[in-house]
Amino acid sequence: MSQSPEIDADLTAMRLALEEARKALPSPNPPVGAVVVGKDGAVVATAHHQRAGSEHAEVLALAAAGEAARGGTLYVTLEPCNHEGRTPPCVDTIVRAGIARVVIGCLDPNPHVDGGGAKRLGEEGVTVQVGVAGADARTLITPWSKFITSGLPHVSLKLALSLDGRIATRSGASKWVTGPEARAKVQELRAHHDAVAVGIGTALADDPRLTVRDPALLAPDRHPPYRVVFDSRLRLPLHGRLVQTARECPTWVLTGTDAPEPAEQALVDAGCVVVRVPNSAEGRVDVPAALRILASQGVVSILVEGGAELAGSFLATRLADELHAFIAPILLGPRGRPGAVDWAGPDTPGEAPRILEPRWELCGRDAYVSGALSFPSKS
C-alpha cells in the first residue's frame, strides 16, 4: 500500500533534517538538525546545531527562513527544548515565528530536564507530530542518550587483528597489521569521538600520537579528541610522543590511588592531566569509576583503541557499546601475540557478546565489521 503524499513529504523533509544533524558534533550537546518548509511545501531553510553554547538548530533555521516560516512546518530531529540553559527555550522562538506545525523525530530522553517541548507547543496551538523517521533520529543520538541517562560515556571498542586472531608477530611487532585504508577509517572514528583511549601497554609498545591527522575530518569549532591513557602505576614515559605533545593536545592519564606521586608531578609539569581513580580488584584502574569521571568532564563518547587488557576490562564490565573490528588477510602464526582482548570470556558461545546487526565492508584489503554490541544474559 502506498503512503499518502503528506507522509512522503514528511519523511523527505525529516531525512533532510537528519542529514543536517549528521554534520553536527556539538558535544556535550546532542546533534540536531532542522528544516523549515513554507506553506507552499518548498524548503526555505536548513540548519544544524554547530557547537555547545551556540544557537540550536531550530533557532538557526527559523532565523534563516524569516517571514517565510510563518504558517509553515518545522522539522526537527530532536524535541525542541522548553527550558532555560546556555540558550533561551527554542519553543519560544518557534511560537514567535508563527510556525503552524512541528514534526519531531524523537522526544528528548534527558531525565534531568523538565522540558515538555512538544506539550508546550501543543498548548500554544501548534500542531505537533512525533516519530517521523523516529528510529533514525534515536540512532543519531545514541551516544548522547546513554550519556544523559546513565552518566557514562558511550564506548566504542576498536580492534585490529589477523585472520588467526593475532594482534602482533612473535617478536611483538604490530605496525602494521592492517592496511592504510583501515587506518584512514580509524582516523574518521577518532574525529567523531570526544576522547581516544589506550592502555599503558599499547602506549609503551607503539608510542602512539592518537591524534586526528587531517583537520578537515573535524567539524568546525570542534576540539580534537582528548587523549586518555589508562596507567595504574604511571609508567607513561616523559620522552614519549603523548607526553611531548600534551601541551598541544589535551592528554589525560587515569591512574590508581597508590601510583607514585613523583611520577604524577613529572607528568603534570609536562602538561598532562593526571586523575586518580579507584583501583579494581585486579589492581587496575576501575573502568566504571573512570568512565564516570570522564563523563563529568563532558566526554559523551570515547573510542578505546587497545590494548588487550583494557579491551577485556570493557567487555568484562559490559560497558562497551559498539565494536569496530578490522581483520587483515594475513596469518601471524601460533607464536604471534594472541588475543585482541584479554578477559575470561563467556562460559558458552550463547553467552558471548555479539553484534546483532553487523555492518560489513572492505577497507582496502581488510574486512571491517562494526555495530552495536549485545551482551546476552547468563544462563
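Leu157 stands opposite Val304 in strand E12, where strands (E, at least two residues) and helices (H or I, at least four residues) are DSSP runs numbered from the N terminus. This is a predicted model, in which local features need pLDDT of at least 70 and side-chain atom pairs count only at pLDDT 80 or more, while totals for chains, interfaces and linings use all residues. Residues are numbered from 1 along each chain as its sequence is written, and side-chain values use heavy atoms, with hydrogens and water left out.

Strand E6 (residues 154–162) pairs with E12 in the parallel sense over 4 bridges; two strands pair if DSSP finds at least two bridges between them. E12 is also joined by 3 bridges to strand E8 (residues 195–199), and these two run parallel. Here Val304 of E12 is the bridge partner of Ala197. Both faces of E12 (residues 301–304) are covered: Ser301 and Leu303 on one side, and Ile302 and Val304 on the other, are all buried. Buried means under 20% relative accessible area, exposed over 50%, and partly exposed in between (1.4 Å probe, protein chains only).

A further parallel pair is formed by strand E10 (residues 251–255) and strand E11 (residues 273–276), over 4 bridges. From E10 the chain crosses through helix H10 (residues 261–269) to E11, a β-α-β crossover that is right-handed; with the strands pointing away from the viewer, the path from the first strand over the helix to the second then runs clockwise. Within this pair, Val253 has Val274 in E11 as its bridge partner.

The interior comes next. In soluble globular proteins, nonpolar side chains tend to be buried together. The largest nonpolar core has 43 residues, and Met14, Val36, Ile99 and Val102 have the most contacts inside it. Such a core is a set of buried Ala, Val, Leu, Ile, Met, Phe, Trp, Tyr and Cys residues joined through side-chain atoms within 4.5 Å. Helix H1 (residues 5–21) supplies the largest share of this core, 6 residues. Apart from this core lies another, of 35 residues, including Leu159 and Phe314.

The cysteines complete the picture. The structure holds 0 disulfides, a disulfide being a pair of cysteine sulfur atoms within 2.5 Å. Cys90 is in no disulfide, and the nearest cysteine sulfur, that of Cys81, is 3.6 Å away. Cys90 counts as buried because its relative accessibility is 1%. The sulfur of Cys272 is 11 Å from the closest cysteine sulfur, in Cys249, and is therefore too far for a bond.
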